[in-house]
Amino acid sequence: MRGRLTVAITALASLLPVMPVFADSQKTTGLPSSSFPLGVPGLAKTTSKMVIPGIEYITLRHGTNKDGYTVSVLAGANDAFTQRTAEKQALAVQMAGFEPVVVKFTRPAIADYPAQDYWMVRVGQWPLSEKKEADKVVKELKKAGVSAKADYTGDDGFVTAGPWSMKILMVDPRSFRGSFAASLGKKTAVRERVTDMAKGSGAIAGVNGGFFDIHTGAAYRGDPTGISVVGGKLLSEAVEGRTAVVLKGRTARITELKSAVNVAAGGALAPVAGVNRVGKDGELVLYTEEFGASTPKVGATEVVIDPDGVVTAVRSPGAKIMKGMRVLQGVGAGADWLAAYAPEGGKVQLKTTVTDLRKKRTVPLTPDTHIVGGGVGLVKNGKTWITASTDGMANINMIVRRHPRTLAGVTRNGKLILAVVDGRAPGQTVGASFHEAARVMQWLGARDAINLDGGGSSAMVVKGKVVNKPSDGAERAVGDALLIKP
């Protein structure tokens, strides 16, 4: 690697490859007859079987590995930065005795976030079998005070030949006689594996649901970061405008939602800010029996409410929620409100509404209504529509780089598509970027599609077994699941 110290400015190929040409046939009945939409044009290798009438399970592989390793220079924790920072890092690499390559690329525009140019600094290229050589360079750069990492180029989001490994479930409501459901497991406060949630619900198949709060207290990390409705009961509030999957019986649709919980007591009305999560200053937070843990020791006051809306106790936070009861906890001004309007023996009324923002009407919270909040919208009315900013995922790592993905989509004729793209397995499967995930769901026929939680959380369960290969090496406990019940 040592030698003439030069800097090459390189613009990599588009992050959005041209759609491949169409092929003539496809063996798997549930898949389209066109080429797989990623990588080199051609039909994917697939196998298919019916799990039960109406549920087709498909395995898919496409592409070959042509990627290897490079060394990506870091500034802080980032490997992409401004041109000025890139030039500074490139100079540091030169001073360490290596020849840097400055790579300019454009993060593509998405529905709610404009395109932007970035620069990377890289050193060397090695085949997949020679990762140790990249590791050696990382160590030598570290000795010279330059932070870097060995980087598998199949993960970086630029043009690749793959390979891709996917598991797909297609559920046709015309012949499927079961139902769809959401599950947060035995307790909303804690995480649980999809296999356990499927077993507990009697489900024949399922995938992991949306993102969960990893930044809250360890005892409460099962809390979804968006909406969750199970059996018509709101168990986690919506982040207004985020995309979700609404399930009712054996029908599914994808839309944007908002939720509201309001409390009336003592002639006063107040908003409830959260459901089954740790409260913040000034908030009222509602806890249901599904929370499954003692309420967080936050704030000064909470009231216990029976099924008739009567306040049966006023107590300090940090106690259990008895079966059939609800607890309303106040933090700061929220605690003052409870003290003023919700005394022991008083009456409290709680009203919950969920609104479909596309249809601009209320979603009936019936016993067969379930909602899984996702992470990022991908496809809307058949067109790519990525909402990473609205969903708090507007960064290069999430938009551009390839990761394992769990995806859900609905076709024009009402089929539910669940797909898991495995990733983070160099030479075996590269995962997908948001744009690639959208392409795949469009290819599968989705009119609307959403990205659920991914990475090590991605898991598909069929008949009690995990059928994909989670990138953690084993199935991860997650916040919630989307289940198919026979």
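This report describes the domains, core, strands and backbone geometry of a predicted model.

## Basis of the model

The model is predicted: local features need pLDDT of at least 70 and side-chain atom pairs count only at pLDDT 80 or more, while totals for chains, interfaces and linings use all residues. Residues are numbered from 1 along each chain as its sequence is written, and side-chain values use heavy atoms, with hydrogens and water left out.

## Domains and nonpolar core

The protein chain is divided into domain 1 (69–155), domain 2 (164–234 + 241–254 + 362–485) and domain 3 (261–352); these bounds come from an automatic or database domain assignment. Taken over C-alpha atoms, the centres of domain 1 and domain 2 are separated by 32 Å. Their contact (heavy atoms within 4.5 Å) takes 19 residues from domain 1 and 16 residues from domain 2.

The largest nonpolar core has 64 residues, of which Phe-36, Val-71, Leu-141, Ile-168, Leu-378, Phe-434 and Leu-444 touch the most other members. Such a core is a set of buried Ala, Val, Leu, Ile, Met, Phe, Trp, Tyr and Cys residues joined through side-chain atoms within 4.5 Å; buried means under 20% relative accessible area, exposed over 50%, and partly exposed in between (1.4 Å probe, protein chains only). Because domain 1 and domain 2 both give residues to this core, it lies between them.

Helices (H or I, at least four residues) and strands (E, at least two) are DSSP runs, numbered from the N terminus. In strand E27 (residues 416–421), 6 of the 6 residues are buried, so the strand is largely enclosed by the rest of the structure. Leu-416, Leu-418 and Val-420 point one way, Ile-417, Ala-419 and Val-421 the other way.

Two strands pair if DSSP finds at least two bridges between them. E27 pairs in the antiparallel sense with strand E8 (residues 164–171) over 6 bridges, and with strand E26 (residues 405–411) in the antiparallel sense, also over 6 bridges. Ile-417 stands opposite Met-170 and is the bridge partner of Gly-409. E26 and E27 form a hairpin with 4 residues between them, and Gly-414 in the turn has a positive phi of about 95°.

## The five-stranded sheet

An open sheet of 5 strands has the order E16-E17-E20-E18-E19, with mixed pairing. Strand E16 (274–275) and strand E19 (311–315) stand at the edges with a single partner strand each, so one side of each is left without a neighbour in the sheet. Strand E18 (residues 301–305) and strand E20 (residues 326–330) pair in the antiparallel sense over 5 bridges, and Ile-305 has Arg-326 in E20 as its bridge partner. Helix H4 (residues 333–341) packs on the sheet, touching strand E17 (284–287), E18 and E20, and its direction makes about 120° with that of E20. Axes are lines fitted to C-alpha atoms, for helices over the stretch in contact, and angles run from 0 to 180 degrees between N-to-C directions.

## Backbone exceptions

Most residues other than glycine have a negative phi, and most peptide bonds are trans. The peptide bond from Gly-162 to Pro-163 is cis, with omega near 5°; Pro-163 is placed in the loop between strand E7 (148–152) and E8.

Asn-276 has a positive phi near 55° and lies in the loop between E16 and E17. Asn-276 is buried, with a relative accessible area of 2%. Lys-360 likewise has a positive phi, near 55°, in the loop between strand E21 (348–356) and strand E22 (361–362), but Lys-360 is exposed, with a relative accessible area of 72%.
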